[in-house]
Amino acid sequence: MTDVQATTDTSGMANVVDAPTTTVATEATSTGAARELGFSILFVAFGLYILFPLVGVFLFSIATTWFDTVLPAGYTLDHITATINDPLFGQTIGRSLIASIATIVVSVVLMTPTIFLLHVAAPRMRPIVEFLCLLPFALPTIVLALSLIRTYSTKPLVLSGTPQLLVLAYVVTGLPFMYRALDNALRAIDTAVLSEASSTLGASRWATFQRVILPNIGPGIMAGALLVFSVSFGEFTLSSFLVGDAWKTSGVWTVAIWDDQPHKTTVMVVIGFIISWVVSLVILLAFRKRATIEIGAR
Amino acid sequence: MRLSGKALTRLGLLVAFAPFLIFCAMFELVPIVSLGIGSVSTRSGDLTTEYLTNIVTKQVYQQSILNTVFISVVSGVLGGIIGTALGYAITRTRRTGVRRALFTLATISANAGGISLGFAFITVLGAAGMITILLKVFGIDLLSFFSIYSVVGLVVVYLYFQVPLMVVLMLPAFGSLRTEWSEASASLGGDNRDFWRRIGIPVLLPSIVAGIVLLFVSSMGAYATAVALVGSRVNLMTIQISILRRGEVIFAPGQADAMGVALLLSVALSVGLYHLIQRRAQRWVQA
């Protein structure tokens, strides 16, 4: 269970980027040009494929009517204002925000000391911790939902239908991201050496954690938190199974209104895309750290 | 008997790890075990293997497995091939700006999926979708041979994250193809084809296969994307689970659990397989 998750280091990418192209030395320049042309065709096709659904859903969200023309018959901002003015908009977005932020808080509090100890005191625990943290990758979201319902809808502990269970489920799906982010951050600052220095100066392990380590791994925690946020905000599967209509989140609402108010759904989808793009870009560009790939939360 | 200092630290460590371990036990391990128990228990609590045998004997469940595996294999293999070609092109193009832009695009899209993706595709390939109508203008009736609300439609949609995911997975492998190898091959009289047949493909193959297995995993468990797109029009394992568990048509939680166990086993075994192959691939890929 060592590396279910694919991580790509952007700095590693830089090596790839700056490496000389491995064309066989004898290759003529004309084949080089033909190759670049082939690449270009591939790039354009890929770009269009990626962009088309985004353009389509955006146009639909601002279209007056659109069913038998290539482009909408007219444009309007009415759907956007109608969506924002819908009382369920604020309510469901609010709940999703609360759930995501609670997830981040629980994840950080639970994971940071654990991974810190892994680095300074108990490296032998690593295989167990790593296994438990990466397990969610081999656990389809719907299976997690099923097993949580099975466990927590009967005594002794009834949590089914509560936002608390939803948050705890989000913490589970966020484990791999938090683990990677914290582990990388702690490794980058040479935690073991720092801790030794700190304890030589008489600090306790807890004081070291609080005053030396925590201030230094802020960016790592932020990166992990953003990833956890992007997995939990707008999430559909867990919220529809664990809380459903009892505590409707934005993801559940977005699906529920599709049949009657498809334009509102597309406004929500556009918002969802904007959030996930911004989060991804921030992680990729601002943190210049590792881009983490999700598997299973689809 | 007095506790040695070492034993004390060990006890302290156990206490320090306790919150994490208790959390994982409560929300990972115990639920998985109770899912397993649920799959072999009747609603009155008796032991039964009916649910598990139903999966392989009842036509509707067989079909859901066939559809799920078909979509995952096809989108995995196609995504794997296209993603490998695209990843190669991205690492080898001479235009640095293009390379960085596409790398960013691939990384972001590899995380796409869920309800947003499903709805977005309806607006381009649905009955009144942008591309559907665009093709009609050119005299092509897309709907006569293709529907987004079908098994093939789901493959097209899943490729949206499968291809970029493969690109991201393959980048380290492409980075490991060393220039010296192609030079060595050329100086020994090999041409471009010899290089690929004898060096390139053999070195990359484990990474490609491992990547395809991971793509397979990523679409086996997909639920939100499919629900937004097809509702319950396509019979998938995940959709079958939701039908059985919600009980709008039929309420059979034990049967749902049994399907869940089947899905979990196939995904977990695939992840295990991924690790075996990945270990082989790592021989050439220096991280």
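Reply: Let us begin with burial. A residue is buried if 20 or more other C-beta atoms lie within 10 Å of its own, exposed if 12 or fewer, and partly exposed in between. Please keep in mind that this is a predicted model.

Me: How many C-beta neighbours does Leu165(B) have inside 10 Å, and how does Leu165(B) count?

Reply: Leu165(B) has 31 C-beta neighbours inside 10 Å and therefore counts as buried. This residue belongs to helix α7 of chain B, which covers residues 151-176. Leu165(B) also shows how the fold brings separated parts of the sequence into one region: Gly80(B) is 85 residues away in sequence, while the C-alpha atoms of the two are 8.8 Å apart in space.

Me: Is Asp190(A) buried, exposed or partly exposed?

Reply: Asp190(A) has 13 other C-beta atoms within 10 Å, so this residue is partly exposed. Asp190(A) is located in the loop between α7 and α8 (191-200) of chain A. The backbone deserves attention as well: phi of Asp190(A) is near 55°, a positive value in a residue other than glycine.

Me: Which two residues of chain A does a cis peptide bond join?

Reply: The bond links Lys155(A) to Pro156(A), and its omega is about 10°. Pro156(A) is found in the loop between α6 (141-152) and α7 (163-188) of chain A.

Me: How should I describe a pair of helices that pack against each other?

Reply: Two packed helices are described by the angle between their axes and the distance between the axes. Consider helix α9 (residues 192-220) and helix α12 (residues 253-281), both of chain B: their axes come within 8 Å and cross at roughly 160°. An angle over 145 degrees counts as roughly antiparallel. The helices α9(B) and α12(B) are therefore roughly antiparallel to each other. The crossing of α9(B) past α12(B) is left-handed.

Me: Which residues make the contact of α9(B) with α12(B)?

Reply: On α9(B) they include Pro206(B), Val213(B), Phe216(B) and Met220(B), and on α12(B) they include Leu263(B), Val267(B), Tyr274(B) and Ile277(B). By class, the residues of this contact between α9(B) and α12(B) comprise 15 nonpolar, 4 polar and 1 charged.

Me: At what angle do the axes of α2(B) and α12(B) cross?

Reply: The axes of helix α2 (residues 50-57) of chain B and α12(B) come within 8 Å and cross at roughly 65°. The range from 65 to 115 degrees counts as roughly perpendicular. Hence α2(B) and α12(B) are roughly perpendicular to each other. Their crossing is right-handed. Tyr51(B), Leu52(B), Asn54(B) and Ile55(B) of α2(B) meet residues of α12(B), among them Gly254(B), Ala258(B) and Met259(B). The contact of α2(B) with α12(B) is made up of 6 nonpolar, 3 polar and no charged residues.

Me: How is a chain to be read at the level of domains?

Reply: Chain A is divided into domain 1 (29-76) and domain 2 (87-292). The centres of these two domains of chain A, taken over C-alpha atoms, are separated by 33 Å. Their contact takes 5 residues from domain 1 of chain A and 6 residues from domain 2 of chain A. On the domain 1 side of that contact in chain A there are 4 nonpolar, 1 polar and no charged residues.

Me: Into which domains is chain B divided?

Reply: Chain B has domain 1 (1-39) and domain 2 (50-281). Between their centres, again taken over C-alpha atoms, lie 36 Å. In chain B, 4 residues of domain 1 are in contact with 8 residues of domain 2. The side of domain 1 of chain B in this contact has 1 nonpolar, 3 polar and no charged residues.

Me: What can be said of chain A as a whole?

Reply: Chain A has 13 helices and 2 strands. Of its 298 residues, 45% count as buried. Among contacts in chain A between residues at least 6 apart in sequence, 76% join residues at least 24 apart.

Methods:
Residues numbered from 1 in each chain as written. Chains lettered and ligands numbered in written order. Predicted model: local features only at pLDDT ≥ 70, side-chain atom pairs only at ≥ 80, totals over all residues. Axes fitted to C-alpha atoms, helices over the stretch in contact; angles between N-to-C directions. Helix = DSSP H or I, 4+ residues; strand = E, 2+ residues; numbered from the N terminus. Parallel < 35°, antiparallel > 145°, perpendicular 65-115°, else oblique. Left-handed = near helix turned anticlockwise from the far one by under 90°. Contact = placed C-beta atoms within 7 Å. Nonpolar A, V, L, I, M, F, W, Y, C, P; charged D, E, K, R; others polar. Domains from an automatic or database assignment.
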